[in-house]
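Try each task yourself before you read its solution.

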Amino acid sequence: FFFDDLKSVTSADADKPQRSEPAAASFPPTFSVSEIKNKQRRHLMFMKLKQEKRKQKMQLRKKRKKEREALGDKAPPKEVPKTIENQRVYDETTVDPDDEEVAFDEGTDEFSAYFNGLTNPKVLITTSDRPRGRTVKFCEQLATVIPNAHVYYRRGLALKRIIPQCVARDFTYLMVINEDRKVPNGLVLCHLPEGPTAHFKVSSVRLRKEMKRRGKDPTEHSPEVILNNFSTRLGHSIGRLLAALFPQNPHFVGRQVATFHNQRDFIFFRFHRYIFKNEKKVGIQELGPRFTLKLRSLQKGTFDSKFGEYEWVLKRHEMDSCRRKFQL
């Protein structure tokens, strides 16, 4: 009887419609390089993926180029790539060069006498106490870049005692190079006799010996000065402060150019000599030194760390929170 019951059960199950098991969902394989545990294998796979992306990018670029050549004049305009600079947040203090108020300020500020040719700059360059060799060489090379600049050792004197002596000797600027661990890391630029005073962080200093394919040492000719991207009120003030270090009647015979290029609030300094190869082609030679400045503060009057009135102070957590907002 048991076998008869078993047969009836199996026959009954056979008569029932069989349920089809749901097929496993087919998703695209999700692969992440970070899941690979082996470091060397992970690095190898990452480089392969990077190479594949580069190939795809090149193929797409060639395809677009062929399409543009085929269409000719009917080709659509090129897309402008998005950068932090062209996506910059608008600043209310942006300066319009044709503004009458700006022109009036330029004619009456502390630096107007330099740009009108009434005053020639005279710069004193000094250092912090007990400077090391690299900082001393940096000061000496700066003195060859800035005409009428003189290097003096600090000898432990406070800046408040140095400033009256500079004014008595007709110096128009006091430049102090600070150092940390034998490397220049700060610059205080004080305009005499009534200010203002700017404090910069100095980084990426490269002396002439450390530069490849540099030209011969600069001559005594006054260089031309180029200021780039100083667009706000603050940037305009800093640009004029830096430009007034140099005489405003450049000697074009020397073919030397000093450039202060502001990009994302970093001021890059370069010193070049341009060479005429023929009537159409011009080459440039970097003479050095090169360094980068970052404005820390701008103070009214001469240097006074205790009781000085500050026009602007860098507050990193507030001002650097948005990458697309710049101060200069």
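**Exercise 1.** Find which residues lie nearest the centre of the largest cavity, and how its lining divides by class.

*Solution.* Start with the term: on a 1 Å grid over the protein atoms alone, a cavity is a set of points where a 1.4 Å probe fits but cannot get out, and lining residues have an atom within 4 Å of a point. The largest cavity is lined by 13 residues, and those nearest its centre are Met-175, Leu-187, Leu-245, Phe-260 and Phe-291. Next, sort the lining by class, where Ala, Val, Leu, Ile, Met, Phe, Trp, Tyr, Cys and Pro count as nonpolar, Asp, Glu, Lys and Arg as charged, and the others, Gly among them, as polar. Then look at the elements: α5, β4 (183-191) and β10 (290-299) each give the lining at least two residues. Helices (H or I, at least four residues) and strands (E, at least two) are DSSP runs, numbered from the N terminus. Finally, the space inside comes to about 100 Å³, a volume being the space filled by probe spheres set on the points, with grid points joined across faces, edges and corners.

Before going on, note that this is a predicted model, in which local features need pLDDT of at least 70 and side-chain atom pairs count only at pLDDT 80 or more, while totals for chains, interfaces and linings use all residues. Residues are numbered from 1 along each chain as its sequence is written, and side-chain values use heavy atoms, with hydrogens and water left out.

**Exercise 2.** Work out which aromatic residues form a cluster with Phe-260, and why its pair with Phe-269 counts as tilted.

*Solution.* Rings of Phe, Tyr and Trp (its six-membered ring) pair if their centres lie within 6.5 Å; planes under 30 degrees apart are stacked, over 60 edge-to-face, and the rest tilted. The structure holds 7 aromatic pairs. In the pair of Phe-260 and Phe-269, the ring centres are 5.1 Å apart and the planes meet at 50 degrees, so the pair is tilted. Both residues are buried, a word for under 20% relative accessible area, with exposed over 50% and partly exposed in between (1.4 Å probe, protein chains only).

**Exercise 3.** Is Thr-135 buried or exposed, and what does Thr-135 touch?

*Solution.* First place Thr-135: it is found in helix α5 (residues 133-145). Its relative accessible area is 0%, so Thr-135 is buried. Now list its contacts (heavy atoms within 4.5 Å). Not counting residues up to four places away in sequence, Thr-135 touches Thr-127, Ile-177, Glu-179, Lys-182, Val-183 and Pro-184.

**Exercise 4.** Describe the largest pocket and the place of Pro-76 in its lining.

*Solution.* A pocket is an open set of points with protein on both sides within 12 Å along at least five of seven lines. About 500 Å³ of space lies in the largest pocket. Its lining includes Lys-57, Arg-61, Arg-68, Leu-71 and Pro-76, and by class it has 5 nonpolar, no polar and 7 charged residues. Pro-76 itself lies in the loop between α2 (39-71) and α3 (100-108). With 48% relative accessibility, Pro-76 counts as partly exposed. Leaving out residues up to four places away in sequence, Pro-76 touches Arg-68 and Leu-71.
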